[in-house]
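Trainee: I would like to learn how to read a fold and its residues. Where do we start?

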Amino acid sequence: GQTILLRPDLRDKAQIRRLPLPGIEPRGALVLRLPGLTVVALHLGLIRSSRRAQLSRIIAQTRRIGNGRLVLTGDFNEWHDSRGLEALQPLQVIAPGPSWPAPFPRLRYDRFAVSRGIEVLGSGVWDNEFARQASDHLPVWADIAFEPRSAAPEAGISGRIADYPGE
């Protein structure tokens with residue numbers, strides 16, 4: 001499943017919805033909309049053709065409901081860096097490092113994809129004994145920044161998200 005942790009001061013500005021995804025296995029995504037930013041937490045299928053259809057659905061839906069900058073994050077289940085992620089062009093795809101399997105991470109399944117207007121200041125994999133026991137994936141993090149749009153995001157929304165476990 002997916003989870004989005006949200007600071008309490010952003011709760012009133014947030015809209016969250018579930019997005020069912022196509023494919024052989026039951027999969028889904030959570031879409032969080034904030035003024036000027038859409039974040040999608042996803043868990044894609046195990047079969048590449050399903051992942052391609054799922055990414056196409058996510059991109060189409062975020063274009064329809066989105067409101068500016070876009071961040072996709074989660075388990076892309078794609079081991080290859082140049083195949084299977086074609087629907088993400090022109091997004092910048094970041095694979096912070098091996099995160100699966102947690103006890104002996106070898107594959108970079110967990111990624112971020114960000115649109116123009118978002119700068120990735122840093123990213124990584126949080127690796128400690130607790131993280132290795134908590135899930136079959138190690139958590140990944142990204143420190144992102146963006147400039148406020150001229151349409152002026154609402155007061156109280158920071159353009160920099162930096163409270164990640166590695167800090």
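Mentor: Start with what counts as an element. Helices are DSSP runs of H or I with at least four residues, strands are runs of E with at least two, and both are numbered from the N terminus. Keep in mind that this is a predicted model.

Trainee: Which pattern does the protein chain follow along the sequence?

Mentor: The protein chain reads β-β-β-α-β-β-β-β-α-β-β. That gives two helices and nine strands.

Trainee: What share of the residues counts as buried?

Mentor: Burial is judged by relative accessible area, with buried meaning under 20%. Of the 167 residues in the protein chain, 44% count as buried. The accessible surface comes to about 9,200 Å². Carbon and sulfur atoms hold 53% of that surface.

Trainee: And how do I read contacts along the sequence?

Mentor: Look at the separation of the partners. Among contacts between residues at least 6 apart in sequence, 59% join residues at least 24 apart.

Trainee: Take a loop residue. Where does Leu85 lie?

Mentor: Leu85 sits in the loop between strand E4 (69–75) and strand E5 (92–94).

Trainee: Is Leu85 buried or exposed, and why?

Mentor: Leu85 counts as buried because its relative accessibility is 9%, and the cut-off for buried is under 20%. Now check its partners. Leaving out residues up to four places away in sequence, Leu85 touches Leu55, Phe76, Glu78, His80, Val93 and Arg111.

Trainee: What about Ser99, where is its place?

Mentor: Ser99 is in the loop between E5 and strand E6 (110–114). Its relative accessibility is 0%, so Ser99 counts as buried.

Trainee: Which residues is Ser99 in contact with, leaving aside neighbours within four places in sequence?

Mentor: The partners are Pro105, Leu107, Tyr109, Asp110, Val125, Asp136, His137, Leu138 and Val140.

Trainee: Tyr109 is in that list. How do I read aromatic rings?

Mentor: Two rings pair if their centres lie within 6.5 Å, and planes under 30 degrees apart count as stacked. By this rule the count comes to one aromatic pair. Trp100 and Tyr109 form that pair, and it is stacked: 5.2 Å centre to centre, with 25° between the planes.

Trainee: How do Trp100 and Tyr109 count by accessibility?

Mentor: Trp100 counts as partly exposed, because its relative accessibility is 27%. Tyr109 has 12% relative accessibility, so Tyr109 counts as buried.

Methods:
Residues numbered from 1 in each chain as written. Predicted model: local features only at pLDDT ≥ 70, side-chain atom pairs only at ≥ 80, totals over all residues. Heavy atoms only, no water. Phe/Tyr/Trp six-rings, centres within 6.5 Å; stacked < 30°, edge-to-face > 60°. Buried < 20%, exposed > 50% of the residue type's maximum accessible area, 1.4 Å probe, protein only. Contact = heavy atoms within 4.5 Å. Areas by Shrake-Rupley, 256 points an atom, 1.4 Å probe, with all protein chains shown as cover.
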